[in-house]
Amino acid sequence: MNTYIAAQPVSRPAPHRSWGYEWKTVTLLCLGFGLVGIDRFMILPLFPVISKELNLDYQDLGQITGVLAIAWGVAALFMGNLSDRLGHRKVIIPAIVVFSLLAGLSGLAAGVGSLMIIRALMGVAEGAYTPASIVATIDASKPSRQGMNVGIQQAALPLFGLGIAPILVTQLLKVVEWHWIFAMVSIPGLAVAHLLYRGLRDPDPKSAAAHTATQDAAIHPWSDVFKYRNIPLNMIGMLCWLTNLVVLSALLPSYLIDYLHLTLEQMGYVLSAIGFGGTLGTLVMPALSDRLGRKPVMIISVVGAGVGLYFLMHAGPEPLALFTSLAATLFFIFSMICLTVGPISAESVPATLMSTASGIVIGTGEIFGGGIAPVIAGYVAHHYGIQYIMHLAAIALVVGLVVALLLEETAPARRR
């Protein structure tokens, strides 16, 4: 058990990693998170096809989506702290190997039960990778670029998982069965794991402290993360942001086809807006927060997401209007997710608790926002109509605005 040691501020920032190590590490961690996105979200545009073969309904989709998110959240809660104790390498590399192999096994599922088991195990591995990879990205970065670099790393998930994957898989369905599409994603993950094994380094606490607002390199018990105001706020905020992301991405394909009566190709085109909008938001807004501050960018993002969601709710069966409003909504949703799990959480706590803080925020958000929200939305869609799922997302944004207004600033430039 960790014992409390009095915080000892670092008098001057420790040297950051070299530029070569920075860009190589961020690139590999970015590719790893892109594969996480593909593994997690490629099942969504495939669901209309899978559901016919396996006899699944909306509520099954909510449960399949929810079980991965809950497993992801539980793993993040514990594995973030394990990463702080053992080092990032011992968590990140095995996690990539495991979730890559399990993603391929998803194509062998014969029913909702086996699919839920495979997806739950995959969620454990992806939940272990996420907080450790975020803090490894911050550790590799110069402090003035850590918002930008975390944005680059996090942008891979919407780009690959929600931007490229919907178009790719709907086109692949024309030439191969859905089972084989899952099998194609294992090999790239194993290659990334090998490259990280050769190049990734574990952080030094004194060097890592330069990336935080506390400038504290001392050892702390994991429970100390709750002493920092931003962590409980981020836990609530993450619930709100993931409620929007998972509800929209999980049930939107069925909404577009069953309620708005779009074709499969039109659905894939519209759904790709989640990825492209999310990618731009993750790249642009966290980088902007390095200059303007985390809190102002968070407030702007909540308001922007609300405006985008309003137009999405009132868009008819027009693919271009749906694409534009959905892209705008997810531009700001992914901005808030990235800032919440990355810079704001990691910068708010001592260096030896950075992965722990990120993991706790990710874990609670995934369990409740990512796990329970889609189950509730699936129930609402099944019993009352799928068009009502967006009201759940709107309520979450109202709560999220209050959270953003209460945050404390952590950006290095604003602190100076």
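How many of the 30 residues of α10 are buried?

## Basis of the description

The structure is a predicted model, in which local features need pLDDT of at least 70 and side-chain atom pairs count only at pLDDT 80 or more, while totals for chains, interfaces and linings use all residues. Residues are numbered from 1 along each chain as its sequence is written, and side-chain values use heavy atoms, with hydrogens and water left out.

## Helix α10

Of the 30 residues of α10, 24 are buried, so this helix is largely enclosed by the rest of the structure; buried means under 20% relative accessible area, exposed over 50%, and partly exposed in between, with a 1.4 Å probe and protein chains only. Helices are DSSP runs of H or I with at least four residues, numbered from the N terminus.

Helix α10 spans residues 230-259 and has a kink of about 45° at L252, shortly before the proline P253, where the bend is the angle between axes fitted to the seven residues ending at a residue and the seven starting there. After α10 comes H261, with a positive phi near 60°.

## Salt bridges

Five salt bridges are counted, each defined as a side-chain nitrogen of Lys or Arg within 4 Å of a carboxyl oxygen of Asp or Glu. One of them joins D224 and K227 at 3.2 Å, N to O; D224 is buried at 5% relative accessibility, whereas K227 is exposed at 62%.

Another salt bridge brings R229 and E408 together at 3.6 Å, N to O. This pair links distant parts of the chain, 179 residues apart, with R229 in the loop between α9 and α10 and E408 in the loop between α15 and α16. R294 and D290 form a salt bridge with their closest N and O atoms 2.9 Å apart, and both residues are buried. Shared partners join D290, R294 and E347 into one network of salt bridges.

## Aromatic contacts

There are seven aromatic pairs, counted where ring centres of Phe, Tyr and Trp (its six-membered ring) lie within 6.5 Å, with planes under 30 degrees apart taken as stacked, over 60 as edge-to-face and the rest as tilted. Among them, Y255 and Y259 are stacked at 5.4 Å centre to centre, with 20° between the planes. Both lie in α10, four residues apart, about one turn of the helix; Y255 is buried at 4%, and Y259 is partly exposed at 39%.

The rings of Y269 and F323 are also stacked, with centres 4.9 Å apart and planes at 10°. Y269 belongs to α11 and F323 to α13, so the pair ties together parts that are 54 residues apart in sequence.

Conventions. Helix = DSSP H or I, 4+ residues; strand = E, 2+ residues; numbered from the N terminus.
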